[in-house]
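Open the model in your viewer and keep the selection panel at hand.

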Amino acid sequence: MHWHQNDINEVVSSLGSSLGGLSSEEASRRLDEYGPNELNEKKRRTPLDMFLDQFKDFMIIVLIIAAIISGIIGEVSDTIAIVVIIVLNAVIGFVQEYRAEKAMAALKKMAAPSAVVIRDGNSSNIPASELVPGDIVLVEAGRVIPADMRLMETAQLKVEEAALTGESMPVEKHTNVLHERDLPVGDRKNSAYNGTFVTYGRGKGIVVATGMETELGKIATMLQEEEEVKTPLQKRLANFGQWLAIAVLVICAVIFLIGVFRGEPPLLMLLTAISLAVAAIPEALPAVVTISLAFGARKLVRQNALIRKLPAVETLGSVTYICSDKTGTLTMNKMTVEEFYVDGRLIKGKKPAFGNTLLRETSSPAHTFMAAMAISNDAHTGHDGCIIGDPTEVALYNAAAGNNFDKSALEKDLPRVAEIPFDSDRKCMTTFHRCSSEEGDFISITKGAIEVLTEKSNAILTSEGVKPLDMDELHRLNDRMAADGLRVLCLAMRKWEELPIDISAENVETGLVVLGLVGIMDPPREEAKEAISICKTAGIKPVMITGDHPITARAIAMRLGLIEDGSKEVITGRELEKLSMEEFEENVEHIRVYARVAPEQKLKIVKGLQDRGHFVAMTGDGVNDAPALKRADIGIAMGITGTDVSKEASHMILLDDNFATIVKAVKDGRRIFDNIRKFIKYTMTSNSGEILTIFLAPFFGLPIPLLPIHILWINLVTDGLPGLALAAEPEERGIMKRPPRHPQESIFAHGLGIHMIWVGLLMGSISVFTQAWAIRMPDGHWQTMVFTVLCLSQMGHVLAIRSEKESLFKTGLFSNKPLLGAVLLTFALQMATIYIPFLQPIFKTEALSFNELIFTLAMASVVFFAVEIEKLFKRRLLAAGRSDAS
C-alpha cells in the first residue's frame, strides 16, 4: 500500500482501526497474526562452524596434506611450522567473520524500547515489540519512532531521518496527502519510519507496518540476503592452489618413476619425491599474505583508514570504480558563502569580499547588506568557541564575520525586538530591530528564497539610492548562480517609524527593498580534486552519488574534474528507477554522477557495475547504505557521520570521511598485492629450480643431486624470512600511473609464469652444471656445492625481484632492511651447515675448499645478473614504447 497517497480517514478504514485506537482484544489478535514488532534474524552460524569453515579453502587443504606427509617422513619441524601457519590463518579469518556478523545486532539497537499507544480510548506505555498495524501512537521530541506510521496530527514535528535516508537535516512533517505514487522514503513527509528520531515537536500517527515489513525491516532482509563477494586475492589464490596441487603431484610422480627406472633405490626416490612435494608447496604463502595485509592495515590506520576485514587491504588495489557520497567526502560538509550580489556587482565570497572603502561608508549598499546578514541571523558562538546554528545561518554568520561585521557588536546598536520565524510554506523569515536613525526607529530584515522575496519587493538599494526593482535581471542572475550549484538567498529590508501592532507575514512582508543576493554551497575539498586526478591517472573511475539536485551535483562534479560538460554523465534517482537492470547495465559505465538518489538505489549501482566485471568501492553512512556496503567489493563507512549499522557492514572505515584517504588506501592496496605477487614469483621460481635440478640431472647421466634433508632445509631457510621480508618492500615508482589489475587477471599475468619457468630452468641448469663440473674434479664435494648454489642463487633472485623494472643498484640495498637482514642470515646459516663440524653429519655436507666456495658463489650470482639484464630489456622496451607514443 502507498499509504502516503491516502487520506488519513481512508488509512484508518483500510487498517480496520478507529481514531480512538484498537481494543486490547483486537491488538492481541493482531499480535498473533502479524507477530512481534521486531527484526528477525536468519539462523546464525555458530562460532565453531565459522572456525571450521576456515579449513575448507583448497590451499589450506593442500597444506594440511603437506603437514601430514612431513610428519610421516620424520620432518616434525616442517609439520609444526605448517600447522602453526594453518591455525594462525584460521584464527584471523574467524575473527574477521565473527566481527562481520554484528551488523544485524547494530540494526536491532535502533529499535525503540517502548511506545505510547492509544488503546480502548486511553493512552498507555507498552513495549514497542507489542505494536500492531492499526495502533494509534503518540510521539514527541526525544523519542524514537517505534514503527512505520502514517501521520494523523503534527505540531511542528521534525524527525531526523539521516540514518535511513541520508538527509542530514531534520525533516519537517505534515499530514497532507501526497499524490505522487513512487516517492522516495525521504520525500514522504506525511509518514514517519521505524528507527528514526523525533528532534522537535509532537505528533500522532497510525501504525501501517511493523517488524520486517517496515523500511528498517526491508533493509534487514537485504542485509541478510546480500552475500559478500570473494576478494580478488581469495579468487586468485584458490585457482593458484588447485593448479599448484595438480602440477606438484604430476611432477613428483614423474621424478619418482624416472629415478626408479634409472636404478635408484625406490625408498630414496619415494622420500625425494615426497620431500619435493612438500618443498614445492609454498607453506609460507598464507603467512606472507596475512602479515602483508596486517602490516598494510596498521599503516592505513595512520592514514585515517581503519580496516575491518583484512582481505580488503589487497582488494583496494583491484578497485576499478570508487562510488563516493558527495557531502563530507568530496565536499567540506560545511556550507560556505561563495558569491554576493550587491549594488549591481557580483563579488566572489573570499574573506574579506569587499574593499575596506565600501565597508567604511555606513550608507553604502555593501555596508547595509553585510550588517543585515549579520543581525538577521540565528547562529551564535557557543561556550567552546564553535558557531552553533542551522548550516545556512552559520555560513552567513561566518561570511559577515569574515568581513568584520560582528553580530554581537552590531546587536548593541540594532537589538532584535521581534521576529517571524522561517516556515517551509513562506520560505522566508523576518527580524525586527530597533535603530536610532532619523528616517525610522525600526527596520525589518527579510531573508529567504529569491522567487518569494521578489514578489514581496518593489525596489532595490544601489549606491545611487533606492531604484525600481528589475525582476527579470534578478531572476537571470539567480539562474546563473544556481547553474553554478549555488543555493541563492535574497535579503531585503523595510523601514518603520514604529513597531507594527500586527506582526504577521501578510502585514509586514510587503513593500520590501532588496539589498542583495548571496550564493551558498558546500564547497569541494581541495584534496578531493587532486585525488580524483590521481584516480584518473591510475585508471580508476570516480563516481559521485548524492541526494542533491542535479544542477548542484553537476556543478560540484565539474569543479572536481569528475565530468567535462556533464550532459549524459548525470542521471537522477527517478531516471534510474525507470531503467530495468539490463538497460542500466548498458549505460552504467558512462555515468559519473547520480543525483537525487535514494540510498537503497546504491545496491543497484553496485550490482550493475559488478555485472560488467568491475571491482567497486562504495561509501556510505546511513542504515540504508548497509546492503550496498556489504555487497560492494570494498564497502567504506564514514567514521565521523556513519551509523553503527553502516560501520558493521563495511570493510573499511574512513576516520576522517575524506575521499583523498580512499585514494591513499588504494595506493597501499596496490603495493601489498605487488609484494604478495613478488613472494609468489620468488617462492615458485625457487621451487621450480629445485624440481628441475632433480629432474634434469638424470638426463645427463648424473646421480640425484640433492638428498631429502637438503630439499627441506632450502625450503625452510629460503621460503621463510626472505619471503616474509618482501612484505616490507616499498611501493614501485609510478604505482598510481598504471591501470588497475583486470578482475579476471591470473596471478601469473604480466610475465610472472614465464619468469618462473625460465629462471627456474636457469637455476636448475646452473646447479646441474655445478654438479657435472665438481663430480669430475678429484675430491670434488659436488653434493654440498649443488646444495649451496641452489640455496644462494635464491638469495640473489630475491634481491633482483624487489622491483619489476628498476635495478637493485638504483633502489638500493638498504631500502628494505628486513630483506637485507634475512638474506645475510640465510647466507650465515648456509655457511654454518657447511663449516660447523657437528652440523655436517646432520645435513650430509662437507667443508668446501676456498676455490670451490668461490666457484659456488660465482655460479649462485648468475641468477641475480640474469634477472637484472631482463629488467634492463624491460626498461628499454618501455622507453621505446613511450617515444613511439609521443
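The tour takes in a helix pair and then a sheet.

This is a predicted model, where local features need pLDDT of at least 70, side-chain atom pairs count only at pLDDT 80 or more, and totals for chains, interfaces and linings use all residues. Residues are numbered from 1 along each chain as its sequence is written, and side-chain values use heavy atoms, with hydrogens and water left out.

**Helix pair.** Select residues 365–375, helix 14, and residues 391–402, helix 15. Helices (H or I, at least four residues) and strands (E, at least two) are DSSP runs, numbered from the N terminus. The two axes come within 8 Å and cross at roughly 135°. Axes are lines fitted to C-alpha atoms, for helices over the stretch in contact, and angles run from 0 to 180 degrees between N-to-C directions. Helix 14 and helix 15 are therefore oblique to each other (under 35 degrees is roughly parallel, over 145 roughly antiparallel, 65 to 115 roughly perpendicular, the rest oblique).

Now show side chains. Met 370, Met 373 and Ala 374 of helix 14 meet Leu 396, Ala 399 and Ala 400 of helix 15 (contact means heavy atoms within 4.5 Å).

Next, find the open sheet of eight strands, order 8-26-25-24-9-21-23-22, with mixed pairing. Strands pair if DSSP finds at least two bridges between them.

Zoom to strand 9 (residues 321–325) and strand 24 (residues 616–620): they run parallel, joined by three bridges. Tyr 321 stands opposite Val 616 in strand 24.
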